Structures are given as structure tokens and as C-alpha cells.
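Please look over the sequence and the model below, and keep both in view while reading. The paragraphs after them go from strands to a helix and then to pockets.

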Amino acid sequence: MELKKYKNENAEIITGWIKDEKSLYQWSADRINKFPITAQDLNDFYQTMIDSNRFFPLTCFEQDIVVGHLIIRYPEKCNNVVRFGFVILAPYMRGSGNGKKMLQLAIDYAKNTLKATKINLGVFANNDSAKYCYESIGFKPIGKIEKYQMPIGEWDCIEMELEL
């Protein structure tokens, strides 16, 4: 597995993994409020942030096949803490440790390339497999946003953190 800089042509594959509204919102929260999401929607959303040098979309490859994706960004006015988001793995890659492998690559990137000392993220309480994956690599719950208003209902969001 290898992480590489996201390219616009990766979007078609990545958005193809989003099969229903629940999956869209578990993946993107309410940031991209459009289902079905298209490759152009994703590229347009990312383009507004890529030039900031504080937003790093990455694509995960197994050999030359796109198998995963996530973003890393610096929260406002902070240069040693990063936030993971938009974490997704190809459906056929799930359930066999590949999510952990991809996240470990991203952790290494955050630590060694971005010089981060801490990583945080949010995961919806209705996404047990993602929560379990984050916990299995060392993320700890640090808080909860109850009744986060989503376009398809209210969900609880668990904030998690990993000290590097």
C-alpha cells in the first residue's frame, strides 16, 4: 500500500464507493451535501482548499489500483495538530486490516512530512467499523457532539485524538 497526492482523476473511483446517503454523510459529514456525489463535485470541493497549503488530499494505492482515500488538514491557526477526514476504503478492501494499514501510512505522513504532534478526527457513533478501526491504531475518544444535525437526521459525533 502506498499513499500518493490526490489527483482529479481519482475522484471517479472514490465517489463510486458512495452508494447511499448514509454512506455519503458518514464519509463527508455535511461538507458535500449532494447525493449522488459526482467526481466533479468532489474536485470542485477540494479545489477551493488545495491552494492553501493547509489541506492535503491523499489517495491510497495497492499496486496501481486506487483502494482508499483521505484528507489531512491543519485546523485554523495551528501548525502542529492535523485533522483526518473523508477517510474511505474501497468496499472490497474492508474488514481485513487494510483500513489500519492506510491510516498508519497517513499517521506516518502527518508525523514525518507535516511534523504533526497530534492528530484528531470525528467519527459518527453510527459508524462502528470506523470507530473500531481508529481505536485499534491508538485514537482515543476525547469528546462527543450530541445530536449533530445531518441532512438525514441527528447523529452523535465522537471526537478522537492520537498523540504522536
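Two strands pair if DSSP finds at least two bridges between them. Helices (H or I, at least four residues) and strands (E, at least two) are DSSP runs, numbered from the N terminus. This is a predicted model, in which local features need pLDDT of at least 70 and side-chain atom pairs count only at pLDDT 80 or more, while totals for chains, interfaces and linings use all residues. Residues are numbered from 1 along each chain as its sequence is written, and side-chain values use heavy atoms, with hydrogens and water left out.

Begin with strand 7 (residues 153-163). It runs antiparallel to strand 5 (residues 118-124), and seven bridges join the two. Strands 6 and 7 form a hairpin, with two residues between them.

Now turn to helix 2 (residues 21-28). At its start, a side-chain oxygen of Asp20 comes to within 3.3 Å of the backbone nitrogen of Lys22. Which residues of helix 2 are buried (under 20% relative accessible area, with a 1.4 Å probe and protein chains only)? They are Leu24, Tyr25, Gln26, Trp27 and Ser28. Ala29 follows the helix and has a positive phi, near 55 degrees.

The remaining topic is empty space. Rolling a probe the size of a water molecule over the atoms shows where such space is left. A pocket is an open set of points on a 1 Å grid over the protein atoms alone where a 1.4 Å probe fits, with protein on both sides within 12 Å along at least five of seven lines; lining residues have an atom within 4 Å of a point. A volume is the space filled by probe spheres set on the points, which are joined across faces, edges and corners.

The largest pocket has a volume of about 1100 Å³. It is lined by 50 residues, of which Gln26, Trp27, Val87, Asn127 and Tyr134 are the closest to its centre. Strand 4 (residues 81-89) gives the most to this lining, with seven residues.

The second largest pocket holds about 200 Å³ of space. Its lining includes Lys5, Tyr6, Gln47, Phe55 and Tyr109. Strand 2 gives the most to the lining of this pocket, with four residues.

Terms used
Buried means under 20% relative accessible area, exposed over 50%, partly exposed in between (1.4 Å probe, protein chains only). A polar contact is a pair of N or O atoms within 3.5 Å; within protein, one must be able to donate a hydrogen and the other to accept it, and residues adjacent in sequence count only if both atoms are side-chain atoms.
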